[in-house]
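Trainee: I would like to learn how to read a protein model step by step, and I hope you will show me the general idea before each case.
Mentor: Gladly; let us look at the model together and take one feature at a time.

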Amino acid sequence: MSDPAIAIDRLRYAYRPGRPVLRDLSLAVPAGAVMGFLGPNGAGKTTLMHLLNGFMPPDAGAVQVLGREPWRERVAVQRRLAFVPEYPPAYPWLTVTAFLAFYRRVCPGWDEAAARRRLDEAAIPMDQPCGGLSRGQQGLVSLGVALGRPADVLLLDDPTLGLDVLARRRLYTAVVEELAARAVTILFATHLPAEVEGVLTHAAFVAGGRIVAAGALEDLKAEAAAAGRSAALEDIALHHWGGDHAA
Amino acid sequence: MIQITINPQSPIPINEQIKERLRLLLLAGTLAAGDQLPSVRQLAVQLTVNPNTVAKVYRELEQEGLLTNHPGKGCFAAVPPGGRRRDERRALIRSEARALTEKARTVGLSVAELLAIIQEESHE
């Protein structure tokens with residue numbers, strides 16, 4: 001076994017003292033895995049994504065991406081990481097073209113042609129301010145830009161939130177094509193397990209700021225079946241989310 | 001485009017669902033010998049599944065002798081038209097029949113009633 005692409009050990013984070021969003025969260029994402037990070041809204045998914053990006057330091061515990069600490073070695077980590085946030089891709093007044101120009105400057109090695117091709121396919125109006133695009137178009141801009149990066153790890157933070165069926169389909173297609181084209185580790189945060197199930201190799205269920213179950217998809221399914229429960233990923237998620245996981 | 005649908009609610013793993021469906025298409029001759037299958041990438045996009053899953057299914061069907069892989073060209077159906085052994089075709093239908101019998105029982109139909117329905121359907 002090679003080292004995991006993402007290693008999280010007893011991670012703790014609170015925005016306000018005494019109100020931890022993440023409590024002793026431990027998780028390993030094997031290199032090359034596509035792991036679903038499955039939790040209901042408010043489970044701490046976005047907070048973990050931000051810690052993996054090095055936006056803030058953990059209160060306690062350790063986070064490693066490709067063997068480095070994002071907070072201490074943010075530039076080195078960011079170089080090998082692509083992130084699709086759940087919020088809009090850019091300042092709302094920036095046009096898509098201006099956003100691409102900005103990206104070109106801050107991200108060396110970025111494949112602008114690939115990004116433009118994806119935005120073209122999705123018929124994104126390039127001279128529109130990002131804030132004027134539909135939620136679906138914004139999501140596709142974020143993803144199109146992120147996939148143009150030569151990243152080893154791709155973080156997706158609930159990218160289908162608010163997207164219509166067609167935009168969701170485009171987004172999943174882009175992810176599947178990326179997987180077919182090269183080796184990449186993906187952590188895919190979502191509150192909709194049934195939609196992503198086909199793409200996943202692994203899943204982690206988060207509730208109350210902790211991982212309540214994690215592993216290879218086939219093992220999680222076999223475990224559910226052996227316990228006489230439904231082995232559909234959505235039902236496994238409901239089972240794990242349903243318990244009382246508060247401290 | 002070949003007709004495969006995945007049921008995410010099903011307890012049957014997705015790779016098994018794809019494999020069963022492809023096996024059915026190959027054994028029934030819907031995909032005849034020499035027919036080209038979609039590429040791993042095409043089928044993965046069509047079904048929104050991990051390309052590695054499709055590649056694994058193709059490898060397993062190749063091992064079963066149901067398709068051949070020509071590197072650089074793609075995967076092709078290997079079954080001669082109608083040439084599958086009869087017992088294999090029977091085994092294929094038998095598993096479907098078992099599921100159907102089970103379903104009939106849960107909705108309170110007798111085997112005789114199930115047979116009558118099959119007969120009606122085949123005359124249509």
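**Reading contacts, pockets and an interface**

Mentor: Please keep in mind throughout that this is a predicted model.

Trainee: In which helix is A:Leu217 placed, and is A:Leu217 buried or exposed?

Mentor: A:Leu217 belongs to helix α8 of chain A, which covers residues 217–226. A:Leu217 counts as buried because its relative accessible area is 10%, and the cut-off for buried is under 20%.

Trainee: What would the reading be for A:Arg74, in terms of its helix and its accessibility?

Mentor: A:Arg74 has its place in helix α2 of chain A, and it counts as partly exposed because its relative accessibility is 38%. Not counting residues up to four places away in sequence, A:Arg74 touches A:Asn53, A:Gly54, A:Phe55 and A:Glu69. For the two kinds of distance, A:Arg74 and A:Trp241 are 167 residues apart in sequence and 32 Å apart in space, C-alpha to C-alpha.

Trainee: Now I would like to turn to pockets. How is empty space found in a structure?

Mentor: The general idea is that a probe the size of a water molecule is rolled over the atoms, and this shows where empty space is left. In this model, the largest pocket holds about 770 Å³ of space. Its lining is made of 27 residues, and those nearest its centre are A:Gln78, A:Phe102, A:Tyr103, A:Val106 and A:Arg149. The elements of chain A that give two or more residues to this lining are α2 (74–79), β5 (81–84), α3 (96–106) and α5 (135–147).

Trainee: How many residues of the lining of the largest pocket are nonpolar, polar and charged?

Mentor: The lining of the largest pocket divides into 21 nonpolar, 3 polar and 3 charged residues. The second largest pocket holds about 610 Å³ of space. Of the 17 residues that line the second largest pocket, B:Ser10, B:Ile12, B:Gln17, B:Glu20 and B:Glu96 are the closest to its centre. By class, the lining of the second largest pocket has 7 nonpolar, 5 polar and 5 charged residues.

Trainee: Which elements of chain B each supply at least two residues of the lining of the second largest pocket?

Mentor: They are α1 and α4 (86–106) of chain B, and α4(B) gives the largest share of that lining, with 6 residues. B:Gln17 counts as buried because its relative accessibility is 13%. Leaving aside neighbours within four places in sequence, B:Gln17 is in contact with B:Thr5, B:Ile6, B:Asn7, B:Ser10 and B:Ile12.

Trainee: What is the order of elements in chain B, from the N terminus on?

Mentor: The order is α-α-α-β-β-α-α, and the secondary structure of chain B comes to 5 helices and 2 strands. Of the 124 residues of chain B, 31% count as buried.

Trainee: Which residues of helix α2 of chain B are buried, and what do they pack against?

Mentor: In helix α2 (residues 40–47) of chain B, the buried residues are B:Leu43, B:Ala44, B:Val45 and B:Leu47. These buried residues of α2(B) pack against α6 (165–181) of chain A, together with α1 and α3 (51–63) of chain B. After α2(B) comes B:Thr48, whose phi is positive, near 55°.

Trainee: How many residues does the contact take from chain A and from chain B?

Mentor: The contact takes 17 residues from chain A and 15 residues from chain B. The area buried between chain A and chain B is about 1,400 Å², and carbon and sulfur atoms give 56% of it. In chain A, the residues that lose the most area to chain B are A:Arg169, A:Val176 and A:Gly198, together 31% of what that side buries. Across this interface the rule finds 1 salt bridge. B:Arg41 forms a salt bridge with A:Glu177, and their closest N and O atoms are 2.6 Å apart.

Note on methods: Residues numbered from 1 in each chain as written. Chains lettered and ligands numbered in written order. Predicted model: local features only at pLDDT ≥ 70, side-chain atom pairs only at ≥ 80, totals over all residues. Heavy atoms only, no water. Buried < 20%, exposed > 50% of the residue type's maximum accessible area, 1.4 Å probe, protein only. Contact = heavy atoms within 4.5 Å. 1 Å grid on protein atoms, 1.4 Å probe; cavity = no way out; pocket = protein on both sides within 12 Å on 5 of 7 lines; lining within 4 Å. Points joined across faces, edges and corners; volume = space filled by probe spheres on them. Helix = DSSP H or I, 4+ residues; strand = E, 2+ residues; numbered from the N terminus. Nonpolar A, V, L, I, M, F, W, Y, C, P; charged D, E, K, R; others polar. Buried area = accessible area lost by both parts, 1.4 Å probe. Salt bridge = Lys/Arg side-chain N within 4 Å of Asp/Glu carboxyl O.
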